[in-house]
Each structure stands twice: as C-alpha cells, then as structure tokens.
Amino acid sequence: MVMEDVFEKLRSLQDILSEKINLGRDIQEIPKLLITQEELLARLKKSFIEKNQDYERTKLAEGDFRNQLAQAEMDREKAEKNMDSISTQREYEALDKEIRDAAEKEQQFRKELQREERALSDLNEQIKQNESLIDQQEKDLEERRAGIEAEVAEKKSQVAKLTEEEQVLNQGLDPEVLFKFERIIRNKGGQGIVAIKGGVCMGCHMILPVDFANRIHNQEKIEFCPYCSRILFYEESEQGDEEFLNNEDAGSLADLDDMDDDEDEEEEEEEEKVNIDYEE
Ligand SMILES: [Zn+2]
C-alpha cells in the first residue's frame with residue numbers, strides 16, 4: 001500500500017476511534033446520572049420504615065393510656081357509688097380521697113392519651129407524605145431510567161456501526177500499529193496521527209532529530225514521534241523546510257530545546273505511560 005493511502009486510512013480511523021472512545025465514555029457515565037436520585041429514593045424508603053415503626057410504638061403507648069384511663073374512671077365511679085353507703089366521717093374522708101386520686105389520675109391519663117393521639121396523627125400525616133414522595137420518585141426514576149436506557153442503546157448501536165467501519169479500514173494495516181494507534185488516540189485526546197512540519201512534530205511541538213525527520217520525508221514506513229508517540233506524516237511547511245533538513249546544526253538546537261521546555265517534558269512522561277500500557 002502506498003504510504004499516502006495508509007495515512008489517509010489512519011486519519012479516517014482516527015475519527016472513528018475518537019468517536020468510539022467518546023461514546024464508550026458516555027455509555028459508562030450516563031447511568032451514573034441516576035445515582036443521586038436512587039440515593040434519595042433509598043433515604044425516603046428508610047424514613048418510611050422508621051416512621052411506620054414509630055407509629056406502631058406510639059399506637060401501643062396510646063392503647064396503654066386508654067386502658068389506664070378506663071381503669072381510673074371505673075375506680076372513681078365505684079368510689080362515688082360507695083359514697084351512698086358510708087356512715088362515718090372517717091369513711092367519708094377515705095372515700096373522698098380515693099375519688100380525688102382517681103380523678104387526678106384520670107386527668108393525667110387523658111392528657112397522655114391526647115398527646116399520643118396527636119403524635120399518631122402527625123406520624124400518619126408524615127407517612128402519607130412520605131408514601132406519595134416515594135411513589136413520585138419511583139415514577140420519575142423509572143421514566144429517567146427508560147430514557148437513559150434508550151440513550152445508551154442508541155450509543156451502543158452507534159459503536160457497533162463504527163466498529164464495522166473500523167474493521168473495513170483496518171484491512172491491510174499492521175495489527176501492531178493499529179493497537180498502538182488506538183492507545184495513542186485514547187491517551188492523547190483523540191489525536192494519533194500528526195504532521196511533521198519544518199522538522200517539528202505538530203502533536204507535541206518538539207523539534208525532531210534531522211535524520212529522523214528526513215526519514216519521515218521519504219515516507220518509507222510508519223514512524224512514531226519519539227516524544228509523544230503519535231504517528232507522523234510529512235507535510236510541507238509554509239517557509240519550506242529543505243534548508244532546515246540540510247542544516248547540520250539542527251540536531252544540537254533540538255537538544256537545547258529539549259532541556260528548557262517544561263511542557264515537553266510532561267509530554268515525554270506521558271509517552272512513558274503509553275509505552276508501559278503497551279507492555280501489559
Ligand atoms: Zn510528537
């Protein structure tokens with residue numbers, strides 16, 4: 001295959017791979033949008049259970065007070081009835097005290113009972129509210145989940161279509177080059193093939209060694225930038241780079257440039273990571 005055709009294929013492949021990588025990322029990320037809502041729903045359900053337990057406890061307490069109140073009422077009524085059959089002052093005083101004590105208890109239990117009844121009615125209200133919130137959230141979540149599932153399915157079918165196109169383009173290309181190329185695109189923001197202009201890599205802007213740059217000019221095989229790992233192809237610079245390519249000093253200039261350019265050092269570090277990936 002003529003090198004220009006290979007580069008053309010790689011450029012088309014680059015578009016497809018970048019799009020696939022972005023779609024893959026979306027497919028992973030989109031379902032995470034539901035997490036907050038799922039957590040809210042879980043909290044509502046937990047609170048619903050707790051409130052129901054509260055309600056049961058309060059209901060029991062209410063029943064207790066109701067029984068105690070009934071008992072105190074009976075005690076008072078019985079003592080009142082006994083009032084008809086007493087004959088001494090002492091009996092009268094004892095009975096009178098019994099009636100007052102019972103009445104006091106009655107009042108106390110009636111108050112407690114009212115308090116529990118209010119608590120029950122509050123809890124009942126809260127439980128109802130909670131229940132309707134849960135229903136609402138479940139409905140919302142279901143709708144959103146359906147929407148997200150449709151979106152993910154659509155993206156997956158796009159990926160499948162791109163994979164078919166990718167397989168057609170892959171034909172006749174070295175699998176090892178393809179493997180590296182895909183990694184570079186993933187690690188270098190979608191850019192895996194760049195021009196070399198005036199002896200400079202347009203991906204990382206590093207000046208490349210002269211004999212290496214010349215080799216790319218001749219385009220005999222696929223070459224990777226030694227700094228950023230991207231595939232390089234020759235492109236005429238506006239000023240013309242014949243002069244540069246013949247300049248004996250270019251190599252040493254490039255070396256100087258290496259030393260004082262922080263950004264490029266970062267690029268080199270990244271490149272190391274890329275290489276480590278290959279070895280896995
Ligand atoms: Zn480079």
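**Exercises on a zinc site and a buried isoleucine**

In sequence, the donor residues of the zinc ion follow the spacing C-x2-C-x20-C-x2-C. The model is predicted: local features need pLDDT of at least 70, side-chain atom pairs count only at pLDDT 80 or more, and totals for chains, interfaces and linings use all residues. Residues are numbered from 1 along each chain as its sequence is written, and side-chain values use heavy atoms, with hydrogens and water left out.

**Exercise 1.** Identify the protein donors of the zinc ion and classify their arrangement.

*Solution.* Step one: donors are N, O and S atoms within 2.8 Å of the metal (3.2 Å for Na, K and Ca), and sites may look incomplete because water is not among the atoms. The SG atoms of Cys201, Cys204, Cys225 and Cys228 qualify, lying 2.3 Å from the zinc ion.

Step two: four donors count as tetrahedral if all angles lie between 85 and 135 degrees. The angles here are 106 to 114°, so the arrangement is tetrahedral. The ideal value for four tetrahedral donors is 109.5 degrees.

**Exercise 2.** State whether Cys201 and Cys225 are buried or exposed.

*Solution.* Buried means under 20% relative accessible area and exposed over 50%, with partly exposed in between (1.4 Å probe, protein chains only). Cys201, at 0%, is buried; Cys225, at 2%, is buried.

**Exercise 3.** Describe the surroundings of Ile196.

*Solution.* Ile196 has a relative accessible area of 3% and is therefore buried. Beyond its neighbours within four places in sequence, Ile196 is in contact (heavy atoms within 4.5 Å) with residues including Leu208, Ile216 and Phe233. The C-alpha atoms of Ile196 and Met206 are 9.7 Å apart.

Technical notes
Tetrahedral: all angles 85-135°; square planar, octahedral: opposite > 155°, others 65-115°.
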